[in-house]
Amino acid sequence: MKRRAGQSGAAGFTIVEMLVVIAIISVLAGLLMSGVMVARGRAREHQTKIIMGDIILALENYRTDNGDYPPGSGGVGSSEALYLELATAKGFGPYIKGERANVKDTNGNGLLEFVDAWGNPILYTRGDALTDDRDYELVSAGRDGIFSTSDDLIM
């Protein structure tokens, strides 16, 4: 076997071998990243359920002290009103404190509302607006941020 000028006797990888290794690493990284994204989505769903559970606990304490749940029509405005009702120190309140409240001003009007782990408002509906015999409903738009889709979280 003849050697070319400038070529040492050490064996090395061909460009094809390097490309194959890079392709395999890329496929493995892609599989890993998709798994991470699924786990992150499940973690946000779990975090949202915890946030909603805290709101439910505050609502039950409110009802115990006041005899009924706060009013709510299901829009962002009712989420803002619910936060004000549960977080203020009137009557026996506050029913939810700052460190337990995941809040944000999502519509820029200066009023805070409860938000889910994705930063979208959690809607609160009370009374006649519900079609079943529940007293109230909390709804997170879920991962896609759009209400009335299959990924909504309802409590």
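This is a predicted model: local features need pLDDT of at least 70, side-chain atom pairs count only at pLDDT 80 or more; totals for chains, interfaces and linings use all residues.
Trainee: Which residues of α2 are buried?

Mentor: In α2, the buried residues are S78, S79, E80, L82, Y83, E85 and L86. Buried means under 20% relative accessible area, exposed means over 50%, and partly exposed lies in between, with a 1.4 Å probe and protein chains only.

Trainee: What does L86 touch?

Mentor: L86 is in contact with I55, A58, L59, Y62, P94, Y95, I96 and F114, leaving aside neighbours within four places in sequence. Contact means heavy atoms within 4.5 Å.

Trainee: What span should α2 have?

Mentor: Its 12 residues should span 16 Å at 1.5 Å a residue, and the end C-alpha atoms are 16 Å apart, which agrees. The expected span is 1.5 Å times one less than the number of residues.

Trainee: How about α1? How far does it reach?

Mentor: α1 has 52 residues and reaches 75 Å from its first C-alpha to its last. That is close to the 76 Å expected.

Trainee: Which of its residues are buried?

Mentor: T48, I51, M52, D54, I55, A58, L59 and Y62 are buried in α1. Their cover includes α2, β2, β3, β4 and β5.

Trainee: Which residues have the most contacts in the largest nonpolar core?

Mentor: They are I55, L59, L82, L86 and F114, in a core of 20 residues. α1, α2 and β4 (136–140) each give two or more residues to this core. α1 gives the most, with six. A nonpolar core is a set of buried Ala, Val, Leu, Ile, Met, Phe, Trp, Tyr and Cys residues joined through side-chain atoms within 4.5 Å.

Trainee: Which residues form the nonpolar patch on the surface?

Mentor: I15, V16, L19, V20, I22, I24, V27, L28 and L31 form that patch, with about 910 Å² of accessible area together. Patch residues have over 30% relative accessible area and no salt bridge; like charges are joined within 9 Å, nonpolar side chains (Val, Leu, Ile, Met, Phe, Trp, Tyr) within 5 Å. Accessible areas come from the Shrake-Rupley method with a 1.4 Å probe, and for residues only the protein chains shown count as cover. V20, one of the patch, is in helix α1 and is partly exposed at 44% relative accessibility.

Trainee: New topic. How many salt bridges are there?

Mentor: Four, from a search of the whole structure. A salt bridge is a side-chain nitrogen of Lys or Arg within 4 Å of a carboxyl oxygen of Asp or Glu.

Trainee: Which residue pairs with R126?

Mentor: D68 does, with the closest N and O atoms 2.4 Å apart. R126 lies in strand β3 (residues 123–126) and D68 in the loop between α1 (15–66) and α2 (76–87), so the pair ties together parts that are 58 residues apart in sequence. D68 is partly exposed at 37% relative accessibility.

Trainee: What does R134 pair with?

Mentor: R134 forms a salt bridge with E137, at 2.5 Å between the closest N and O atoms. R134 is partly exposed at 32%, while E137 is buried at 15%. Another salt bridge joins E85 and K90, at 3.2 Å from N to O.

Trainee: Which residues does a cis peptide bond join?

Mentor: G93 and P94, with omega about 5°. P94 lies in the loop between α2 and β1.

Trainee: What phi does S148 have?

Mentor: S148 has a positive phi of about 65°, although it is not a glycine. S148 lies in the loop between β4 and β5 (153–154) and is exposed, at 72% relative accessible area.

Methods: Residues are numbered from 1 along each chain as its sequence is written. Side-chain values use heavy atoms; hydrogens and water are left out. Helices (H or I, at least four residues) and strands (E, at least two) are DSSP runs, numbered from the N terminus.
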